[in-house]
Amino acid sequence: AKPTVSGDLRFNQLGFSPLSEKIAVLVTQDSPEVSPKFAVRAVETGEAMLTGQLKPGHEKTLSGKSTLVADFSGLATPGHYYLEITGTEAADVLRSTPFDVDQEIYQDLAAASIKAFYYQRASTELKEVHAGPWHRAAGHPDDKVLIHASAADDTRPENTLVSAPKGWYDAGDYNKYVVNSGITMGTLMSVYERYPEYFLTQSLNIPESENALPDILDEVRYNLDWLAAMQDPSDGGVYHKLTTAGFEGMVAAHEATQPRYMVQKTTAATLDFAAVMAQAARVYAPYGEKESKRYLQAALAAWQWAEKHPAVTYRQDELNRQFDPDVTTGAYNDEQLDDERLWAAAELFLATDDANYWKVIRSAPSEYELPTWASVRWLGYYSLLAHKEKLPQDSGPWRSALEKNLTVAARQLRSAGERSAYRVPMVSDPDLFVWGSNAVAANQGILFLEAFRITGDSGFLRSAEATRDYLLGRNATGFSYITGFGHKTPQQPHHRLAAANPDMPPLPGFLVGGPNPSQQDGCEYTSKVADESYTDHVCSYASNEIAINWNAPLAYLVNGLNAIERQ
Ligand code: 9MR
């Protein structure tokens, strides 16, 4: 058969840093017997800078298609290029859209992935000088929040007014959920802790940019201020969420004015809060002793509440049978609390050196588990592994076992990626495509960066890059899943702040949820295949919503890689 060059070319649409692996994938209907040739040409002169032959992808795509892979990793000279694939006949040519090779290529995306949190700020006006064309009026003052019947007690009866301003909107909706803020905050503080020097020079152009704190810590503090107010000062328990009873319509923030409630205290929220505050006590210590102590006190009080209330879970349906008004917003309900307990114990151990926390840590399972909002054990283990010097003297074998579990998981994922059609781990298993699958990918990227940090094996860096390539276009839909970065990006994310401004491009730097074959939103999709089940429509909250717990691992991955690549 003649080499065929018809098909779709999939690659990272933003471009490549000079020393990274560079791969483009041609998705074809049938695999030709003779592989076509490719050339990477300079846009300006047409000169071929590098030539080669496409190689068959190892496995079929999840939809059963074949792929051919062009590897032009050798092209390290910065420049503006396009890829050309040629068959046997002169007319048989396929050209890619142009892309860059550039040492600075990830600077803007790295900053934008954190600036996204600034755009999500509640209770404040976004000025044009910081927000550019996305400037807007303040929404949700949250200084008069009602204690919901489910949260009422002697000190705060039903309808007591409390104040919990600031913080970030969770996602496309305007509510603020403690559990989801937990993993988000842990991830953001951790990327800062891994690459502190790098963050000293990053400017986000936010209102606090001029102060002494790195901008990422200013942004995180905006949410810490809110989170602190989610704790009941009388007993240390933490409310599950601050929310309207039902979701608001797709209106601008300042026009979304339904009453806001503090709903039931839960063990998951309280333990996540304890972990975040204990980590904050460590991270902010060099910048303010008083602040750091306050965070630690809050963490300790939360831990004590959770000791007394070890299994208060959030069950929205039951709650609605007992109390008015019915609450129908995000539930973030979780029945498994051992992992939250481990994470809190880990951060509190690092903060206090108290042997009681070490006991909790030593009795926990240690097999690797990719973090999600409901599964946070490895946030604790990542922190412990990154602070070896604070571990007990005789913990060497325990730590080695933990490191082994991490690197074995990373190695398995890496080889699954190398065998796959797109040469990325994400497409090796349809079960990975849950609601928010892009955050699964981004968290895999974090795992690779951690495996690289522990072993120094640069193969893990290649896998982290591949994950970044996946999110930026080397995937089954050909979308770059990050708003504003790439030539085919989400135009209609499920994001109230964006939907309220239909004449503007969507706010930039946001990762959408990504392919999710469960399609819980009932919107129109063109495919049911796991990695194709994505629709760029505002209706699709199950595949096209933005969320803070998805942007945080994106921020970790792109900033972590950028820090390493720019060294
Ligand atoms: O990310 C959450 C996902 O794991 C759940 O399956 C889904 C349904 O409960 O909810 C997702 O979180 C949403 C939250 O409930 C409300 N704000 C938007 C979140 C992202 O879609």
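Around the ligand you'll find D170, A171, D173, Y177, G330, Y332, W373, W435, E545 and W550 (each with a heavy atom within 4 Å of the ligand). This shell splits into six nonpolar, one polar and three charged residues; here Ala, Val, Leu, Ile, Met, Phe, Trp, Tyr, Cys and Pro count as nonpolar, Asp, Glu, Lys and Arg as charged, and the others, Gly among them, as polar.

## The largest pocket

The ligand sits in the largest pocket, meaning that more than half of its atoms lie within 2 Å of the pocket's grid points. A pocket here is an open set of points on a 1 Å grid over the protein atoms alone, with protein on both sides within 12 Å along at least five of seven lines; lining residues have an atom within 4 Å of a point.

The largest pocket has a volume of about 580 Å³, and of its 27 lining residues, Y332, W373, W435, E545 and W550 lie nearest its centre. By class, that lining comes to 15 nonpolar, eight polar and four charged residues. Helix α13 gives the largest share, three residues.

## The second largest pocket

Next comes a pocket of about 230 Å³. It has 14 lining residues, with L370, L413, L432, V440 and Q444 nearest its centre. Both α12 (396-419) and α13 supply at least two residues of this lining, which holds nine nonpolar, three polar and two charged residues.

## The cavity

Searching the whole structure turns up one cavity of 30 Å³ or more (a cavity being a set of points where a 1.4 Å probe fits but cannot get out). The largest cavity has a volume of about 50 Å³, and its lining is T187, S190, R194, P371, L379, Y382, N443, I446 and Y556. Here α3 gives the most, with three residues.

## Ground rules

Residues are numbered from 1 along each chain as its sequence is written, and side-chain values use heavy atoms, leaving out hydrogens and water. As this is a predicted model, local features need pLDDT of at least 70 and side-chain atom pairs count only at pLDDT 80 or more, while totals for chains, interfaces and linings use all residues.

Conventions. Grid points are joined across faces, edges and corners, and a volume is the space filled by probe spheres set on the points. Helices (H or I, at least four residues) and strands (E, at least two) are DSSP runs, numbered from the N terminus.
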